[in-house]
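Here's a quick briefing to read with the model open beside you.

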Amino acid sequence: MEAPVISGIAHDRSQDKITLVGVPDVPGAAARIFAIVAGTDANIDMIVQDVSAEGTGLTNISFTCPDGDSADARAALEAAQGELGFRSLHFNPDIGKLSLVGAGMRSHPGVSAKLFSALSEAGVNIHMISTSEIRISVVVDDSVLDEAVRAVHSAFGLDASTAEAVVYGGTGR
């Protein structure tokens with residue numbers, strides 16, 4: 001029996017987003033930034049770096065971390081702004097993360113298109129996207145997270161009145 005394409009949708013409201021704007025696009029810049037964040041014991045969830053704008057030599061780096069860790073990370077980065085050379089820091093505590101999970105995504109084209117279409121049709125703007133072989137996560141405004149979850153549930157047929165739950169057990173070996 002073939003595994004389902006999508007096994008579930010998860011959401012999380014406990015993250016904050018920090019964006020460093022105008023980071024010098026040079027080797028080691030991200031290493032210095034995340035060494036400072038690591039020094040605050042902050043856990044990092046998602047990281048997105050933009051492509052350097054043509055001719056500027058500058059990029060933007062955004063990341064999410066638990067709201068309990070963000071104040072220290074933010075303060076440490078602001079204190080190191082001169083050393084790191086970024087133009088400004090933007091902080092957004094009003095975000096939510098939606099994750100689409102399923103091992104079947106690897107072998108089924110169109111999953112991301114369906115996800116992004118569902119969010120678009122619901123009027124949900126995406127701040128960040130992160131993917132792996134079994135997960136697509138997006139960061140959206142917290143105020144529309146519930147609507148986003150409902151839209152994605154519907155798009156993938158996970159809100160059906162009759163659903164089959166599949167539980168895999170084993171030793172983990």
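Two strands count as paired here if DSSP finds at least two bridges between them. With that in mind, Asp 12 stands opposite Lys 97 in S6. Keep in mind that this is a predicted model, so every value below is computed from it.

**The sheet**

- Strands of a sheet pair through backbone hydrogen bonds, either parallel or antiparallel.
- Here four strands make up an open sheet, running in the order S1-S6-S8-S7, and the pairing is antiparallel.
- At the edges you'll find strand S1 (8-12) and strand S7 (126-131), each of which pairs on one side only.
- On average, neighbouring strands of this sheet are turned by 20 degrees against each other, direction ignored.
- Five bridges hold the antiparallel pairing of S1 with strand S6 (residues 95-101).

**Helices across the sheet**

- Helix H4 (residues 111-121) lies across S6, S7 and S8, and runs at about 15 degrees to S8.
- Helix H5 (residues 145-155) lies across S1, S6 and S8, with an angle of about 15 degrees to S6.

**Ser 137, a residue in S8**

- Look for Ser 137 in strand S8, which covers residues 135-141.
- Is Ser 137 buried or exposed? Its relative accessibility is 0%, so Ser 137 counts as buried; the cut-off for buried is under 20%.
- The Ser 137 side chain has a polar contact with the side chain of Ser 99, at 2.6 Å.
- Another polar contact, at 3.4 Å, joins the side chains of Ser 137 and Arg 135.
- Leaving aside residues up to four places away in sequence, Ser 137 touches Met 46, Lys 97, Leu 98, Ser 99, Met 128, Ile 129 and Ser 130.

- Side chains of opposite charge can pair when their charged atoms come close.
- How many salt bridges does the count give? The count comes to four.
- One of them brings together the side chains of Arg 13 and Asp 142, at 2.7 Å from N to O.
- Arg 13 sits in the loop between S1 and strand S2 (15-24), and Asp 142 in the loop between S8 and H5, so this pair ties together parts that are 129 residues apart in sequence.
- Arg 13 also forms a salt bridge with Asp 146, where the closest N and O atoms are 2.8 Å apart.
- Put together, Arg 13, Asp 142 and Asp 146 are linked in a network of salt bridges.

- Arg 74 is partly exposed, with a relative accessible area of 30%, and Glu 78 counts as partly exposed at 39%.

Notes. Residues are numbered from 1 along each chain as its sequence is written. This is a predicted model: local features need pLDDT of at least 70, side-chain atom pairs count only at pLDDT 80 or more; totals for chains, interfaces and linings use all residues. Side-chain values use heavy atoms; hydrogens and water are left out. Helices (H or I, at least four residues) and strands (E, at least two) are DSSP runs, numbered from the N terminus. Buried means under 20% relative accessible area, exposed over 50%, partly exposed in between (1.4 Å probe, protein chains only). A polar contact is a pair of N or O atoms within 3.5 Å; within protein, one must be able to donate a hydrogen and the other to accept it, and residues adjacent in sequence count only if both atoms are side-chain atoms. Contact means heavy atoms within 4.5 Å. Axes are lines fitted to C-alpha atoms, for helices over the stretch in contact, and angles run from 0 to 180 degrees between N-to-C directions.
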